[in-house]
Amino acid sequence: MPSLAGLFFWMNKKLENIKKLDVTKPLKLDCGKTIKDFPLAYETYGKLNNNKDNAILVFHALTGDQFVTGTNPITNKEGWWVTAVGPGKAIDTNKYFVICANVIGGCMGSLGPKDTNPETKKPYGLDFPVITIKDMVKAQESLLEHLGIKKLLCATGGSMGGMQLLQFCATFPDKAFSAVPIACSSSHSAQNIALNELARQAIMADPVWDNGKYVLKNVQPKNGLAVARMVGHISYLSEKGMQEKFGRKLQEKADYEFSFNADFQVESYLRHQGYAFVERFDANSVLYITRAMDYFDLSKQFKGGLVEAFKNQKTKFLIISFSSDWLYTTKDNKDIVIALNASGADVSYSEIITEKGHDSFLLEEPEFLKTLKGFIDSMYEKFKNEKRI
Amino acid sequence: MKNLKMKKEFKVIADLLPNNTRVLDIGCGDGSLMHLLRLEKNIEVRGLELNQDNVKECIYKGLPVIQGNAETELHQFPDKSFDYVVLSQTLQAFYEPEKVLKNLLRIGKSVIISIPNFGYWKVRTKLLFFGEMPVTKTLPNTWYNTPNLHMCTIKDLFNFCDAKNIIIKKVVGVNENKTSLIKKCNLEIKNLFSKVGIFLIS
């Protein structure tokens with residue numbers, strides 16, 4: 001395995017070759033600062049048809065990126081939503097034009113804390129402005145403009161992707177014909193914030209982190225970052241799912257070792273997930289993105305709350321939750337449905353019964369994928385007809 | 001045959017509804033009625049349905065449906081947010097039909113309810129002459145597996161509305177392919193010969 005510094009150099013080299021939009025329009029952030037001339041990395045799949053009525057925008061989750069399907073050219077691993085997006089999949093790239101952008105604050109080519117601060121000519125680190133979900137979404141609107149798409153057939157996303165989508169619909173009520181927010185929430189709960197804080201504290205407790213200045217030394221607080229990722233992975237599985245997958249099974253051994261090595265399979269799993277993550281993700285990006293999620297409270301942006309946020313909504317919604325998701329529960333999702341109903345919006349809702357927890361939206365979950373496909377295909381027929389009239 | 005009868009009831013319901021209105025269909029099943037209303041009357045439809053497969057079916061058809069239980073989840077719909085709320089042959093299956101009915105009248109400016117009529121002569125004979133709980137085409141389940149907890153007759157619902165000051169605008173009796181208007185004067189006879197009663201109330 002190459003050294004981490006070497007790995008990052010190599011990753012940055014590869015990041016030069018991906019699709020990027022230079023956003024020249026100044027973007028005033030919620031924190032008051034303004035960014036301009038910044039890169040927004042993105043990827044597209046399938047072809048935009050002549051009528052430009054087959055575009056689907058995907059918003060990625062906390063640790064996702066723009067490489068939704070196929071092979072991620074940076075990590076050489078499968079795209080994060082290969083189960084749902086691709087030729088012949090629920091979101092069929094033979095039929096639809098799929099767009100996904102890396103969020104600002106991220107580390108896959110869009111402006112983030114590891115980039116060079118034009119004022120100091122050094123990497124930002126903690127000088128990077130604190131960004132919000134709204135800032136992320138506004139940055140991505142420039143991409144639609146760039147691609148010449150006036151109205152999306154559909155926009156979708158799970159987890160933080162769903163939050164971005166809710167924000168997108170509230171901020172740009174006429175940009176999407178339909179929307180599928182999946183396993184998300186209109187605001188972070190105390191428990192959500194607490195789990196994110198745990199992840200952040202793990203990173204900050206790593207001496208290598210050095211107040212975010214590790215970027216100057218080309219190193220990464222990998223122990224802290226790995227623990228942060230482990231916290232996440234626990235929250236993505238349900239209790240029953242975890243028990244069924246690992247139980248008390250031991251990792252390639254017949255008995256306890258009477259040590260602190262990874263005796264249990266679940267320990268080995270967490271360590272593997274944690275340390276695999278440090279090879280592809282920047283610790284400061286985790287701080288910034290989790291912060292954006294914690295600050296997210298859509299009802300706070302509108303006088304009159306969530307109902308007001310969705311007022312005059314023409315977008316047709318399908319909300320999907322998973323029964324065993326305890327991170328963004330069925331209740332969290334239903335609250336969104338209630339608000340959409342109260343505002344008179346066109347909304348459908350389905351709860352998928354599964355033991356796979358929050359992660360369900362990324363997995364091969366037939367009922368979910370069939371519902372997603374059925375909705376998008378029926379929306380395409382409607383959208384085509386509406387455009388013809 | 002069952003399908004045909006279903007369609008007859010839906011046809012009566014569709015005839016009761018004016019064009020271009022907003023309608024909530026409680027227990028919308030696979031969306032057949034919603035589809036009919038949207039197609040023929042340009043009605044803005046919404047559905048509430050408990051069964052996952054039915055929900056999926058509605059979504060495939062592009063019909064807006066919310067997966068949920070009408071017994072516990074009607075609170076999500078604001079007051080008078082629909083012109084009409086439709087409840088087809090499920091009132092008798094709720095634990096608390098009175099509470100559900102109150103909620104329907106809160107959500108809709110008007111409400112359409114259909115009930116399988118327990119006063120239908122075949123149902124009466126079954127109980128009277130055979131001493132058994134009736135099993136008919138409209139009531140296909142046996143006593144131990146029926147979802148129907150609160151069976152009533154057309155006359156019962158009539159009296160209930162009177163007692164609760166609910167305005168009855170129209171009542172239609174359905175027997176196979178025949179429909180007839182039910183009024184106070186012909187209530188006794190229609191209660192005997194209608195398989196299904198459809199009430200428009202507010």
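Asn76(A) sits in the loop that links strand S5 (55-59) to strand S6 (85-86) of chain A; helices (H or I, at least four residues) and strands (E, at least two) are DSSP runs, numbered from the N terminus. The model is a predicted one, in which local features need pLDDT of at least 70 and side-chain atom pairs count only at pLDDT 80 or more, while totals for chains, interfaces and linings use all residues. Residues are numbered from 1 along each chain as its sequence is written, and chains are lettered from A and ligands numbered from 1 in the order in which they are written.

Most residues other than glycine have a negative phi. Asn76(A) has a positive one, near 60°, and is not a glycine. With 8 other C-beta atoms within 10 Å, Asn76(A) is exposed (a residue is buried if 20 or more other C-beta atoms lie within 10 Å of its own, exposed if 12 or fewer, and partly exposed in between, with C-beta atoms placed from the backbone). Phe258(A) also has a positive phi, of about 55°, without being a glycine. Phe258(A) lies in the loop between helix H6 (239-245) and H7 of chain A, and is exposed, with 7 other C-beta atoms within 10 Å.

H7(A) brings in the helix pairs of chain A. Helix H5 (residues 222-236) and helix H7 (residues 265-277) of chain A have axes that come within 8 Å and cross at roughly 125°. Here axes are lines fitted to C-alpha atoms, for helices over the stretch in contact, and angles run from 0 to 180 degrees between N-to-C directions. H5(A) and H7(A) are therefore oblique to each other, given that angles under 35 degrees count as roughly parallel, over 145 as roughly antiparallel, 65 to 115 as roughly perpendicular and the rest as oblique. The crossing of H5(A) with H7(A) is right-handed (a crossing is left-handed if the near helix is turned anticlockwise from the far one by less than a right angle, and right-handed if clockwise). On the H5(A) side, the contact is made by Leu225(A), Ala226(A), Val227(A), Arg229(A), Met230(A) and His233(A), and on the H7(A) side by Leu270(A), Gln273(A), Gly274(A), Tyr275(A) and Phe277(A); two residues are in contact if their C-beta atoms, placed from the backbone, lie within 7 Å. By class, this contact has seven nonpolar, three polar and one charged residues. For these classes, Ala, Val, Leu, Ile, Met, Phe, Trp, Tyr, Cys and Pro count as nonpolar, Asp, Glu, Lys and Arg as charged, and the others, Gly among them, as polar.

A second pair in chain A is helix H2 (residues 133-147) and helix H3 (residues 160-171), with axes that come within 9 Å and cross at roughly 65°. That makes H2(A) roughly perpendicular to H3(A), and their crossing is right-handed. Ile133(A), Lys134(A), Met136(A) and Val137(A) of H2(A) meet Met163(A), Gln164(A), Gln167(A), Phe168(A) and Thr171(A) of H3(A). In this contact there are five nonpolar, three polar and one charged residues.

Next comes the meeting of the two chains. On one side 15 residues of chain B take part, in contact with 22 residues of chain A. Within chain B, helix H3 (52-60) and strand S3 (65-67) each supply at least two residues of the side that touches chain A, and the largest share, five residues, comes from H3(B). That side of chain B has eight nonpolar, five polar and two charged residues. One partner of H3(B) is helix H11 (residues 366-388) of chain A: the two axes come within 7 Å and cross at roughly 25°. H11(A) and H3(B) are therefore roughly parallel to each other. Lys370(A), Thr371(A), Gly374(A), Phe375(A) and Ser378(A) of H11(A) meet Lys56(B), Ile59(B) and Tyr60(B) of H3(B), a contact that divides into three nonpolar, three polar and two charged residues.

Inside chain B, helix H5 (residues 97-107) has the buried residues Pro97(B), Val100(B), Leu101(B), Asn103(B), Leu104(B) and Ile107(B). They cover an arc of only 160° around the axis (taken from the directions from the helix axis to the C-beta atoms), which puts them on the same side of H5(B). Exposed Glu98(B) and Lys99(B) are carried on the face turned away from that buried side. The cover over the buried residues of H5(B) includes strand S1 (22-26), helix H4 (70-73), strand S4 (82-88) and strand S5 (108-116) of chain B.
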